[in-house]
Amino acid sequence: MDIDLLSKMVKELILDNDVVVLPGMGAFVADMVPSTFSDKGYTINPPYRRLCFRPKPDEGDILVKLYADSNNVSVEVADRILRGFLSELKSVVHQKKTVILPGLGRLRATKENNLF
């Protein structure tokens, strides 16, 4: 497992799902942002989906199931592999304070090690 594969899987899943849980770490959440007018009112900005990270773990296993299906392993093995990788990733974020997820953005940690 590597950061590129994780980013690719999350990116694929977030297109069809509003929440993608990273086991033991948190969840990526796609929120709808309504259309707005520009400052002078001449332009309408269309609605869009904003991706954010919620550090409180949610329940959900679509990422684990995708990894299991893609690699022909059981859900239990996939869960163990993902949790191990995400534990290491969390440590890296806490040490370096930022990790780039290709195609998604940056995962950062505050001074108190809260992820966003």
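The paragraphs below lead through a helix pair, a sheet and a hairpin in this structure.

This is a predicted model, in which local features need pLDDT of at least 70 and side-chain atom pairs count only at pLDDT 80 or more, while totals for chains, interfaces and linings use all residues. Residues are numbered from 1 along each chain as its sequence is written, and side-chain values use heavy atoms, with hydrogens and water left out. Helices (H or I, at least four residues) and strands (E, at least two) are DSSP runs, numbered from the N terminus.

We begin with the helices. Helix α1, residues 3-14, packs against helix α3, residues 75-96, at an angle of about 110°, and their axes are 12 Å apart; axes here are lines fitted to C-alpha atoms, for helices over the stretch in contact, and angles run from 0 to 180 degrees between N-to-C directions. That angle makes α1 roughly perpendicular to α3, a term that covers 65 to 115 degrees. The contact (heavy atoms within 4.5 Å) is made by I3, L6 and M9 on the α1 side and by L82, F85, L86 and L89 on the α3 side. The residues of this contact divide into 7 nonpolar, no polar and no charged, where Ala, Val, Leu, Ile, Met, Phe, Trp, Tyr, Cys and Pro count as nonpolar, Asp, Glu, Lys and Arg as charged, and the others, Gly among them, as polar.

Next comes the sheet. An open sheet is formed by 3 strands in the order β1-β2-β5, with antiparallel pairing; two strands pair if DSSP finds at least two bridges between them. Its edge strands, each pairing on one side only, are β1 (19-22) and β5 (48-54). Strand β2, residues 26-33, is joined to β1 by 4 bridges and to β5 by 7 bridges. Within these pairings, L22 stands opposite G26 of β2, V21 has A27 as its bridge partner, and A30 has L51 of β5. β2 is mostly covered, since 6 of its 8 residues are buried, meaning under 20% relative accessible area with a 1.4 Å probe and protein chains only. β1 and β2 also form a hairpin with 3 residues between them, and in its turn G24 has a positive phi of about 75°.

Strand β6 (residues 98-101) pairs with strand β7 (residues 105-108) in the antiparallel sense over 4 bridges, and L101 stands opposite G105 in β7. This hairpin has 3 residues between the strands, and G103 takes a positive phi near 85°. In a regular strand the side chains alternate between the two faces of the sheet. In β6, V99 and L101 make up the covered face, whereas T98 and I100 make up the uncovered one.

How values were computed: Angles under 35 degrees count as roughly parallel, over 145 as roughly antiparallel, 65 to 115 as roughly perpendicular and the rest as oblique. Buried means under 20% relative accessible area, exposed over 50%, partly exposed in between (1.4 Å probe, protein chains only).
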